[in-house]
Amino acid sequence: MIDLLQAIIPPALFFSAPLIFTALGGVFSERSGVVNIGLEGLMVMGAFVGIVFNLNFAEVFGIWTPWVSIFVAMIVSGIFAVIHAIASVSFRADQVVSGIAINFLALGLGVFLTKQWYGKGQTDMISRPFYTTNIPFLSDIPIIGSIFFKGVYLTSYLAIILAFIAWYVLYKTPFGLRLRAVGEHPMAADTNGINVYRMRYVAVIISGLLGGLGGSVFALTIALNFSQSTIVGQGFMSLAAVIFGKWHPLGAMGAALFFGFAQSLSVISAGIPLLQNVPQIFLLVAPYVLTVLALAGFIGRAEAPNALSTPYIKGSR
Amino acid sequence: MSNRLFNILVPLISVFIGLMAGAIIMLIYGYNPLEGYLALWKGAFGDLYFIGETIRQVTPYILTGLAVAFAFRAGLFNIGAEGQVIVGWLAAVWVGTTIEAPMFIHLPLAMLVAALAGAVIAFVPGYLKAKLGVHEVIVTIMFNYIALYSVNSIIRNVLTEHADKTEKIAPTASLSSEWLATLTMYSRVHYGILIALLAALIMWFIITKTTIGYEIRSVGFNQNASRYAGMNVSKNIILAMVISGAFAGLAGSMEGLGTFGNMSIQGGFSGLGFDGIAVALLGANTALGVILAAILFGALKVGALNMPTEAGVPSELVDVIIAFIIFFVASSYMIRWIILRFKKEAK
Amino acid sequence: MEYVIEMLNIRKEFPGIVANDNITLQVKKGEIHALLGENGAGKSTLMNVLFGLYQPEKGEIKIKGQKVNITNPNIANDLGIGMVHQHFMLVEPFTVTQNIILGSEPTKYGQINIKAAEKEVQELSDRYGLRVDPKAKIRDISVGMQQRVEILKMLYRGADVLILDEPTAVLTPQEINEFFEIIESLVDEGKSIILITHKLKEIMQVCDRCTVIRKGVGIGTVNVSETTVEQLATFMVGRSVSFKTEKEKSIPTDVVLKVENVHINDNRNIPVVKGLNLEVRANEIVGIAGIDGNGQTELIEAIAGLKKTESGSVYLNNEPVTNLSPREITEKGLAHIPQDRQKFGLVLDFPVSENIALQTYYQEPYSKNKILNYEKIDELSERIVKEYDVRTPSIHTKTSALSGGNQQKVIIGREVDRSPDLLIAAQPTRGLDVGAIEFIHQKLVEERDKGRAVLLLSFELDEILDVSDRIVVIFDGQIVADLKPEETTEQELGLLMAGNDKKKAGGTN
């Protein structure tokens, strides 16, 4: 049994981390009232920047390269997300459409530049990825230690810690209260002197930062290079986690953990007696089917922020 | 300035800005934009082969564009065209490979089943929207993945024994034509373009001439008022989604019965569904607009393939251009604002 | 002079219209100042200028004699100006306290200090006698309490000048009296109040001075004690108006609508209509008086087939129509002018002609075998536009481009032209100017005189008393009184609407 858990849990954590980061980004954006279908594109941008930076600066930063890479990827994706903010907040574009354009643009730019710089459809493999570690002391705890703290990526724990930070920010600070107010009733927030546009810009940029983090963590732990097919659906799965988690940071984390678990099962199921005979297809589609069921109200009713997807137009009633 | 003129100007300006953005990127990376665009033009219309290939690409674009546009008219955002295409493709190939029948039965049957397959998986999001108010955008995205993985699993485990692609369809189910191929120096153009144009005609007729279209437009603009006027809103939402899915399914059959003649395991999405969103947006959700936008995007996509060889420019530049076009069409509010501004200053 | 607020020669334009032109408003400290004007006259625009939501093109604003530039609501707040909007600005899933502190939250180490905030809200509430629960969620409290939360929100921010936009629209006559007591106590504490309204009686009752706006133009300011209702009305409308609709006495004949022991649930599946009985005869206008939320909306929707009748029966011309589809009931002779014309009555993005066809498009000659005949639709539209005096550039103009009054005329034309046996008019004049109101009242009386049954729902008691031949009062899902308008008063209706007196109750229990 312990062997089994040891075989399941580290990969589940490993697959979940990028989804958790990105889903948290989605929570910020959507809580402020901006739909973010562009999470996929933000991850693409993060993965691309993370890999390219890693390839170019591995010698400069040595063992710190992966950490610096994801930080840079975060910043660049945050800036990239401004495009979504401009279109959907200032220009009142349909937020779904703008998000789709983000996805097109990120992939187009990423692959264009890859071909431009590497002369082929994918980059080289990076030399400085994240490696698994044993967490000091914690990994020595009997049973639990070997399941949760041996052979894991630090980024997985960073993701979980970040979920709690996101929860604190959204529910305990003035910033969070204002952000949620803007997503529920922007005009009420406006009359209370909150700058709705600025809040939404900030929220979308946060989703860019976290989406970029998610994408680069995926690239630096799982993919190890960048190509057209590095990010294929992880962003949409993160979006599913946002909804399945009812727009709550901890809910989104839980959903992302579960989806990561399902994904890891489809990879390692062959080694697990119980799952050997379950067709892989069921594990592959589980996250999506569950999200649909959740939306349909079979797994608790999910209630979206009230002003989600409606652009705020000052002075209209 | 009239609304009509705006509606024509906005897409034109968006396309212009998109192409300018492409030119600027080419300049930044040391390419000559004129050469780049000339290569693109040649790659799309340079000779009969390229024209044939462009038409081949335009064919499914028209259909996915219609699919998205039709749903839009009912106020629905069908992001699921992608999945509906895959399902339609599989259904067409399934009928094409497993049934024996004379052509006048086999070919229409294969297309019909493809349309039905697309309709069936569009039905679920439509039903959830109509009966439970579940937002169709998320459900259709989820269905894209459900469709993708399921179809791959069926190809691998049902249609073949762990092979990567299905057999070729029977000639009786094929849309391809010796005559068209010879005419276009053996491009993959096929009779599907006629089906696509017919579908556009059908959409135009339904939307503007029939009570069905009237109801769908009414529901799309205002569900409450439609209900108060005695229309069955749920029925109309489901119907619009089903018709939309049928168009997308038909687009899949174009790939299965025309372009490829079989189906391979899909590593990711074909992109036809997402591009269909761009086509519908640029075409302002009208049948004629969709045809014109499909021609533009088809030409861009096919022409792009000629850019690396003739001008050294990576073909993905076109994806960037398309992304910009979508941004600006979607931000039409801003374009309107700028036009008004210019007019004011001109006075 | 001791003016706390001076708005001098304000002009505000929107694309295509001048919403405020040369308006001057001067408010003294400690007074209740009415801002009077018809719907659409520009009152809200002027107040939004003062509150910093809009910037004026011309004119200046002085606060306590100092010229100021109010570019956003924060500045207004800092200057001590607070505003309660007609549609409450409250975040539904938040608590009372969260709503009040939003934007100026007390913090401790960067975290919201919710305990301290709740205590402060409680203290403020006690001091002004506002009786709100700081921990309750907005979605769980009554409309009256929500309004008090709005007032608290301003007091919390230290507002000296309170702008109240149509505050009584959502309240019962009794709640209105309580509300006036609250604002009088605020004035006693040294606050100044601007009351935006079009209700003349309220101005006479509580206000000190009154500034009148007509069609965006400032008409002037009067002392309320030196004026009369009639004079204010003339100022507001620009001509003398009679608030009496001309009509003959009616002689009701056959029963057209019969509602028998009907039970209906609301959207949350809570019973709201509880065994209601009602009859409307040909040749009479029956007015339903009641406070919003007592089941009248659900009743009308159930009669029209838009809501499920849980038990009981509805008859139209002695035929059962209970739970038939809206279209079947329409075809049996019902016409319905819905409560919210833009939401329920019209497809605003359709041209006028397609809206006129909204109930008949599927019938011959407007379509055949599902193919529309636009020639016939246009013919019909041209005729209705003419007969009902719809002011529109063309029948192909988008309906959203029409004024509220003309939009309502499109609906009335469409519904009345079908010669229905029963006409339901729900708040048919809400938000319209006096001219349009008079036109609509006339049409209702005309329909009655043609032998039709008319059921009128309105939250304006004046309208109910003026237009109806018979008034029924609805309370808690039942008809609790059945009265003649000439034999009752607004006060009596108010008491009945609040459920205080069941005398004269007809037809129930």
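1. Two strands are taken to pair if DSSP finds at least two bridges between them. By that criterion strand S1 (residues 3–14) of chain C and strand S4 (residues 58–63) of chain C are partners, joined by five bridges and running antiparallel. Glu6(C) illustrates the pairing, with Lys62(C) as its bridge partner in S4(C). The model under discussion is predicted, and the points below should be read accordingly.

2. S4(C) also pairs with strand S5 (residues 66–68) of chain C; three bridges join these two antiparallel strands. Opposite Ile63(C) stands Gln66(C) in S5(C). S4(C) and S5(C) form a hairpin with two residues between the strands, where Lys64(C) adopts a positive phi near 50°.

3. Chain C is divided into two domains, domain 1 covering 5–237 and domain 2 covering 255–505. Taken over C-alpha atoms, their centres are separated by 33 Å. Eight residues of domain 1 of chain C and ten residues of domain 2 of chain C make up the contact between them. On the side of domain 1 of chain C that touches domain 2 of chain C, three residues are nonpolar, four polar and one charged.

4. A further sheet of chain C deserves attention. Its four strands form an open sheet with antiparallel pairing, in the order S14-S13-S16-S17 (chain C). Strand S14 (271–281) and strand S17 (319–320) of chain C are the edge strands, each pairing on one side only. The link between strand S16 (residues 309–316) of chain C and S17(C) consists of two bridges, and these strands run antiparallel. Within this pairing, Leu316(C) has Glu319(C) of S17(C) as its bridge partner. Helix H9 (residues 296–303) of chain C packs on the sheet and touches strand S13 (255–265), S14 and S16 of chain C. The direction of H9 of chain C makes about 120° with that of S13(C).

5. The next point concerns the contact between chains. Chain C contributes 24 residues to its contact with chain A, and chain A contributes 18 residues. On the side of chain C that touches chain A, helix H2 (73–78) and strand S8 (111–112) of chain C each supply at least two residues. H2(C) gives the most to that side, with three residues. The residues on this side of chain C comprise eleven nonpolar, eleven polar and two charged.

6. In chain B, how do helix H3 (residues 48–73) and helix H11 (residues 233–259) cross? Their axes come within 7 Å and cross at roughly 170°. H3(B) is therefore roughly antiparallel to H11(B), since angles over 145 degrees count as such. On the H3(B) side the contact includes Arg56(B), Leu63(B), Phe70(B) and Arg73(B). On the H11(B) side, Met241(B), Phe247(B), Met254(B) and Glu255(B) are among the residues involved. The residues of the contact of H3(B) with H11(B) divide into 14 nonpolar, four polar and three charged.

7. The mean pLDDT of chain A is 89, with 95% of its residues at 70 or more. Where is confidence lowest, and where highest, in chain A? It is lowest in helix H5 (residues 144–148) of chain A, at a mean of 77, and highest in helix H7 (residues 174–184) of chain A, at 97. Where pLDDT is low, predicted coordinates should not be read in detail.

Methods: Residues are numbered from 1 along each chain as its sequence is written. Chains are lettered from A and ligands numbered from 1 in the order in which they are written. This is a predicted model: local features need pLDDT of at least 70, side-chain atom pairs count only at pLDDT 80 or more; totals for chains, interfaces and linings use all residues. Two residues are in contact if their C-beta atoms, placed from the backbone, lie within 7 Å. Ala, Val, Leu, Ile, Met, Phe, Trp, Tyr, Cys and Pro count as nonpolar, Asp, Glu, Lys and Arg as charged, and the others, Gly among them, as polar. Axes are lines fitted to C-alpha atoms, for helices over the stretch in contact, and angles run from 0 to 180 degrees between N-to-C directions. Angles under 35 degrees count as roughly parallel, over 145 as roughly antiparallel, 65 to 115 as roughly perpendicular and the rest as oblique. pLDDT is the predictor's confidence in each residue, from 0 to 100. Domain bounds come from an automatic or database domain assignment.
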